[in-house]
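Hello,

Here is the structure I said I would pass on. Please open it first, then read the notes below.

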Amino acid sequence: MHSTTRVQLDLAALRHNYNQIKQIADSSKAYAVVKSDAYGHGLLRIAKGLHDADGFALIQMDDLRALRESGIWKPVLLLEGVMDASDLLDAAILKAEVVLRSEAQLQMIEKTSVALKQPLAIWLKVNTGMNRFGFPPAQIEEVMQRLASNSSVKLKGVMTHFACADDLDCEIEGQWRVFHEVVRRYQLPFTAANSAAILRDQRTHGEVVRAGSLIYGNNPFSQAMPVGYDFRPVMSLRSEIIGLSNLQKGDALGYGASFVADRPMLIGLVGCGYGDGYPYTAPTGTPVLVKGNLTRVVGKVAMNVMAVDLTEVGRVGLGDPVVLWGDHQLPISEVSKYSGVLSEALECGLTKRLPVCLIGEESIFA
Ligand SMILES: *Cc1c(COP(=O)(O)O)cnc(C)c1O
């Protein structure tokens, strides 16, 4: 069956990005963060594509189960721990490493752990200023003592998460100092760095780095990517020209007649819209690649169609290829900037109905 709009995933780029992280954090393990269906890329596709990763990090128990059921038994870190006792038992059976981030979770572990068949590996989360999850530094001593008296748990180390590592104008030194004081006092392995911190500050690498956006080739910073790094887009959103329309000066286009031609124009109709996950908020001017030529969206994005300006492109016909994002000429950050939707939100927002094609698979067996 012919499908106009599809997602292409470049597994060679994925492995390249992962290897870049391994080089930058060269004395740490790197867990690939695959929460939210691997940032919309597909959990099992990404996990299989990264078959030599040190481990994975995710949030949902079902995703842990899915990895184990498909035969992947690498370390998995449950980033927010578990929510109830039966998940706790499963997490131990499925050999997950579990974040402990609240008094409620600690009490649940104390009540349930006698039933554990094997020791539960725990990363104790310290709240260093994100102020969502984690124990305040002053409470760590007490929590450590309670864990030490429990033979069913094994403390792997301490963990924290930075509130604004992604903003290069915002310092992480304050949070780092608080965290490092805990690390120093207890002499424990630690995990602290997300993508932004991996690039920003080597001190934060520790035992395990947790790389999300970078493995998918996204810029983790709200500013431009610092020079000298080579991360490549894994996902591209592709479609094609399904219609052509000639506008005369003064002709309006599409719903709401929001766009009016100020000169004769050739318009291409692309078979993709917000019903596929392309952002409705992308305004006239948002860049698009048609047959390798950079041009722009015109008028309002509709459910399954959007219009692009072909006036200057020339020699374009029905069926010609369109890239909506995910090319070195058209990084997703551009679409993000125009539409006001975060790159990761664009990726997570694609409809699961879209067909996915994989390229670069040969690199997996090379
Ligand atoms: C999502 C997440 C990460 C990965 O963040 P990126 O910025 O995408 O690298 C790391 N740690 C925790 C706790 C997370 O929830």
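Contact here means heavy atoms within 4.5 Å. Helices (H or I, at least four residues) and strands (E, at least two) are DSSP runs, numbered from the N terminus. This is a predicted model, in which local features need pLDDT of at least 70, side-chain atom pairs count only at pLDDT 80 or more, and totals for chains, interfaces and linings use all residues. Residues are numbered from 1 along each chain as its sequence is written, and side-chain values use heavy atoms, without hydrogens and water.

Helix 7 (residues 140–148) has I140, V143, M144, R146 and L147 buried (under 20% relative accessible area, 1.4 Å probe, protein chains only; exposed is over 50%). Seen down the helix axis, these buried residues fall within an arc of 165 degrees, so they line one face of helix 7. The arc is taken from the directions from the axis to the C-beta atoms. Q145 and A148, on the other side of helix 7, are exposed. The buried residues pack against strands 5, 6 and 7 and helices 6 and 8.

The domain assignment gives domain 1 (11–216) and domain 2 (235–365); such bounds come from an automatic or database assignment. Between them they bury about 1100 Å², meaning accessible area (1.4 Å probe) lost on being put together, summed over both. L11, Y39 and R45 lose the most area on the domain 1 side.

The count between the domains is one salt bridge (a Lys or Arg side-chain nitrogen within 4 Å of an Asp or Glu carboxyl oxygen).

Regards

Methods:
Buried area is the accessible area (1.4 Å probe) that two parts lose on being put together, summed over both.
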